[in-house]
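Please look over the sequence and the structure below before reading on, and keep both in view as you follow the text.

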Amino acid sequence: MKIVVPVKRVIDANVKVRLKADGSAVDSDNAKMSMNPFDEIAVEEAIRLKEAGAAGEIVAVSIGSDACQDVLRAALAMGADRALLIRTEAVLEPLAVAKLLREVVAREQPRLVICGKQSTDGDANQAGQMLAGLLGWPQATFASKLDLGTDGATVTREIDGGLEIIAVTLPAVVTTDLRLNSPRYTTLPNIMKAKKKPLDVVALDEFGVDTRPRLTTLGLAEPAARSAGVRVADVAELLAKLKNEAKVI
Amino acid sequence: MTALIIAEHDNGSLKSATANTIAAARQLGVEIHVLVAGSACSAAAEQAARLRGVGKVLMADARHYEGGLAENLAALIVSLAPSYSHVLAPATTFGKNVLPRVAAQLDVGQVSDIVEVLAPDTFVRPIYAGNVLAKVRSDDPIKVITVRATAFEATGQGGTAPIDTIAPGPDLGMSRLLERELTHSSRPELTEAKIVVSGGRGLQSGENFKLLETLADRLGAAIGASRAAVDSGFVPNDYQVGQTGKIVAPQLYIAVGISGAIQHLAGMKGSKVIVAINKDPEAPIFQVADYGLTADLFQAVPELISALGQ
Ligand SMILES: Cc1cc2nc3c(=O)[nH]c(=O)nc-3n(C[C@H](O)[C@H](O)[C@H](O)COP(=O)(O)OP(=O)(O)OC[C@H]3O[C@@H](n4cnc5c(N)ncnc54)[C@H](O)[C@@H]3O)c2cc1C
């Protein structure tokens, strides 16, 4: 069973993001870039399915500039078999991403697509669900456990009240939550091997997909910073402040 | 113009985030209809009808809506959506699951997790773990939106909307709910509590979380946690506060043994008063805390408990 795993290049989760001085955009000039952490979990899950004999070829896909080749190489170093870069300089919205992925699915014919549940830059939490909707496939979002059969999958989902176990038919889209697995570290020999794995680059235009934006960003701002308060010496002072000053207990 | 609100409920009762979502919709200046799709869900529909600002409740009652799974529910919403200018749901795991599917099937974008309504087509939403606020305008004919509940004060009681029973859509048979393992607690709901006591890796074990439970019970508080505490198995996943967990904004948030990573702050920095208890005086959590106590939690928390017990 072939698995497609979309991966996004984002500002590393440890970077405290700031706006450029003129407020026009996020300052990413010297920021460290990484694979979106949820996509790393998706790649890891696909590889584990393959290692367990439940999956065959793993195709990693990224959409963006040539720089995205680094996250595709990272996916290949983890254990993906092939990579595809859909090259564009435009920053696409989740709907456009989902439409492109639908075309990838039409070409690759996977039985499973594993996406990260959200990317840590846009925080939209949309692309996987949108892809499932466009394909008319079932979706199992926020997965913390995935059991793959030949005709269906059983998925444990992290929901606000706890956990939920659902069964979906295949083909399906699964999106990953944090507890699904801990992604492996890549080793030097695997990084070397990844350099020889196929990485195709296709221009976005070749897909003939309508990727125009549906949202217009009118402005960006940093939220008002919370100022640090006071240090209290002990528990007694803390309780006195909470009772008499903040009046919250 | 009319907005359709997708109610979150467990058939027997409405989840509170629905009332916050209606509050956001009221700022659009449009009529408001609420869809309650479930199985034997008339109690939830009646609760929706009593919320202020609701003009009509649509109830779709069928077995295949019982668990609120995305495929069947999205198909129903998509069939109703062309009569509406807006479709809104809470940005909970329920709304986040179903609404993007709806948007894609309508061929429109989605505005996720709005915290402000500036105009019927213009909203503010946080990105980058809340470090940036984006003002965005939706240019689509139907605006599909998820709403951050803590940003809008819940609409109150006082409505008397009629309930229309509508024909259910088809059962697509693609997904089935097998089981729910819900966390049961006598404490307030994390996202609604006035006081939240949260623990991090500093607690060292699930056993030690009992300390926080005792503290929480003295304060009538809910319990939250950092990702590290959840990943380590100290507490269940639904305790996680943060960028990729729950967003809370209580009157008082007490962070115990939590360092204050960007992703954690994203979930709690809207709290009115923040207290941090951490033994590391340099921990970043102190930069957002109104009251910081540099101390070993295993001393400070028992002291707090006994002081509150008096
Ligand atoms: C994609 C992604 C998503 C994430 N989403 C979230 C999220 O939603 N929510 C979230 O919380 N995190 C999230 N994280 C993780 C986040 O980056 C941090 O790793 C996490 O919040 C750290 O948890 P912590 O503060 O409990 O642990 P640590 O950072 O290890 O801090 C433990 C703290 O406890 C203190 N301590 C230890 N012992 C004691 C003691 N005896 N007394 C007092 N203090 C003590 C230490 O000084 C330290 O400050 C995410 C990360 C990624 C990459």
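The paragraphs below go through the interface between two chains and then the site of the ligand.

This is a predicted model, in which local features need pLDDT of at least 70 and side-chain atom pairs count only at pLDDT 80 or more, while totals for chains, interfaces and linings use all residues. Residues are numbered from 1 along each chain as its sequence is written, chains are lettered from A and ligands numbered from 1 in the order in which they are written, and side-chain values use heavy atoms, with hydrogens and water left out.

The size of an interface is often given as the accessible area lost when the parts come together. Here chain B and chain A bury about 6,700 Å² between them, 54% of it on carbon and sulfur atoms, where buried area is the accessible area (1.4 Å probe) that two parts lose on being put together, summed over both. Of the area that chain B buries against chain A, 11% comes from B:Thr93, B:Tyr128 and B:Tyr291, more than from any other three residues.

Six salt bridges are found across this interface, each being a side-chain nitrogen of Lys or Arg within 4 Å of a carboxyl oxygen of Asp or Glu. A:Arg226 and B:Asp290 form a salt bridge through their side chains, at 2.7 Å from N to O.

Turning to the ligand, residues from chains A and B surround it, so the site is shared between chains. An N or O atom in the side chain of B:Ser226 is 2.6 Å from an oxygen atom of the ligand, and a polar side-chain atom of B:Gln240 lies 2.7 Å from a ligand oxygen atom.

Methods: Near = heavy atom within 4 Å. Polar contact = N/O pair within 3.5 Å; in protein donor to acceptor, adjacent residues only side chain to side chain.
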